[in-house]
Every structure is written in C-alpha cells, then in structure tokens.
Amino acid sequence: MSIRAIIVDDELNNRENLNSLLSEYCKNVEVVGMANSVDSAFKMIKSLEPDLVFLDIKMPEKDGFKLLEEINEITFEVIIVTAFNEFAIQAIKFCAIDYLLKPINIIELTNAVESVSRRLNQKQENERLKHLISHLNNKSLPTRIGLASLNQVDFVEIKRIIRCEADNNYTHVYLDNRKKMTISKTLKDIEDLLKDHGFIRLHQSHLVNSAHIQSYQKNDGGYIRMIDDSIIPISRTRKNEILALIRNYTSL
C-alpha cells in the first residue's frame, strides 16, 4: 500500500537526505510534506492527515515529543529519527516505537518502513472487519461503503456520493467534495450495492444519486444535471422507466 508521510526535522540537510533515501529505497512512501518545527508540523498534520510521520526529537524551542503531546488523537504511525543517547533509545525500544539513529542506515530505514506498512495494513483489515460486523448486526441499511482502490480501502458516507461512471472493469466514483475515486469494481457491482439507497442507473455507463439531481432537461433527448454540474444522458430505451424512478425519489 502507498504510505503518505511527513518529515519533521529542524535541519534542511536532514530533511532532504531522508526524502532522497525514501525516494530511492522505499518506493511505497510518498513524502507529502516537510516541516522544520513542531508548530509547523502540527498544522501540516492537521491539514494533510498523513499515514506516517518521521519525527526528529532534538529541535529548538519544542522537541518532537512535545508534538505528540499536543495532538489530541494520534491517527498516524511514527518513526522517531534521533541522535539521542543510549538511555533514551532503551526507553523508545521498551515502548516498541520504531526509530532510526542518525546518520540513517538504509537497511534500518527499509525495515522500519516495512514494519509501519504491516501495521497500516492490519489497521485497514481491522476497519473492514469492524464494518462487516456492524453491517451484520445492524438490520437497517448501512450508511457507509468501503471503496477499494489499488492500494487502500476508503470508507465514505453513501450520501456523499454524487454519481458513478463506468470505465471497463473499473468505476469512477465522484463525491460531493469534488474528489474522484477509481475503484476496482464494475458499475453493475456498485449498482447492486446502492440500488436501495436512491441510486438510479440512467445509462449503461452512469449511476446517479437521486438526492444530488439538480435538474431534468427535456431537450436533446433528455438528460440530468447533477449538483456538481455534470451532465448525464438518459438511456432512450429506458427513458420512461427511469423518469418514473426519478419521480419516486424527487419532486420531478
């Protein structure tokens, strides 16, 4: 799986060196940001929501541990990067935290990243199981769906999906925040999952959420405009059936 990471170190050379090593030896790590202080790292973590933080400890004004204290809920993995003395290293080992000693050893770096990758995969599997158990125990319709892409599964609220578009054996899913996700399921698979949630198959290649229909245009054979201003054609062979379905969910 792809790991989105942030590097926190007050020294530019250290940040650039680690970034270069990750680029060359840890292809599954994408460095999405680099911070030179605890305060800038705090803001970056809040905005970018990384999977992993490479955290230097000895920094001016506030050390790396202060960053961990200031974050209310730590949802990311941490690899400590340090030149600390042996006593501090023993404490880090005792708490089973991944760490790297400066100067960074390539083998130790790849081992630490692999360890993080395993934990992230386990978290993802645990999240899938929790959703499965929740769906089994809840007799009402689920409110969230797991969308599996190449490297991860994202759980999104169904009501946030505006529309889905077929692309051979893949499907593009468009959300209300303008985000586009590509998942490894056919549109028919998605239709089967969402048909009881007000989703309508307008066309061979298009499935739409009726709650996000903006207007029905009668000209040009008839088409639907969604709230994201996308234009969706209506299948001529199913036009009357589809319009009847739309009326069930809207005031058309």
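Guide: Asp228 touches Ile162, Arg163 and Arg178, leaving aside residues up to four places away in sequence; contact here means heavy atoms within 4.5 Å. This is a predicted model, in which local features need pLDDT of at least 70, side-chain atom pairs count only at pLDDT 80 or more, and totals for chains, interfaces and linings use all residues. Residues are numbered from 1 along each chain as its sequence is written, and side-chain values use heavy atoms, with hydrogens and water left out.

Asp228 belongs to the loop between β14 (223-226) and β15 (231-233). Strands (E, at least two residues) and helices (H or I, at least four) are DSSP runs numbered from the N terminus. With a relative accessible area of 16%, Asp228 is buried; the term means under 20%, while exposed is over 50% and partly exposed lies in between, for a 1.4 Å probe and protein chains only.

Of the residues touched by Asp228, Arg163 stands opposite Tyr174 in β9. The charged end of Arg163 also sits over the ring of Tyr174, 3.8 Å from its centre. For that description, NZ of Lys or CZ of Arg must be within 6 Å of the ring centre and within 35 degrees of the ring normal.

β8 and β9 pair in the antiparallel sense over six bridges, where pairing requires that DSSP finds at least two bridges between two strands. The two strands form a hairpin with two residues between them, and Asn168 in the turn has a positive phi of about 55°. Five of the six residues of β9 are buried, which leaves the strand mostly covered.

Arg178, another contact of Asp228, is in the turn of the hairpin formed by β9 and β10, and has a positive phi of about 70°. That hairpin has four residues between its strands, which run antiparallel and are joined by four bridges. His172 has Thr182 in β10 as its bridge partner.

These strands belong to an open, antiparallel sheet of five, in the order β10-β9-β8-β12-β11. β10 (180-183) and β11 (199-203) each have a single partner strand, so one side of each is left without a neighbour in the sheet. From one strand to the next the twist averages 20°; axes are lines fitted to C-alpha atoms, for helices over the stretch in contact, and angles run from 0 to 180 degrees between N-to-C directions. Helix α6 (residues 187-194) lies across β8 (161-167), β9 (170-175), β10, β11 and β12, running at about 150° to β8.
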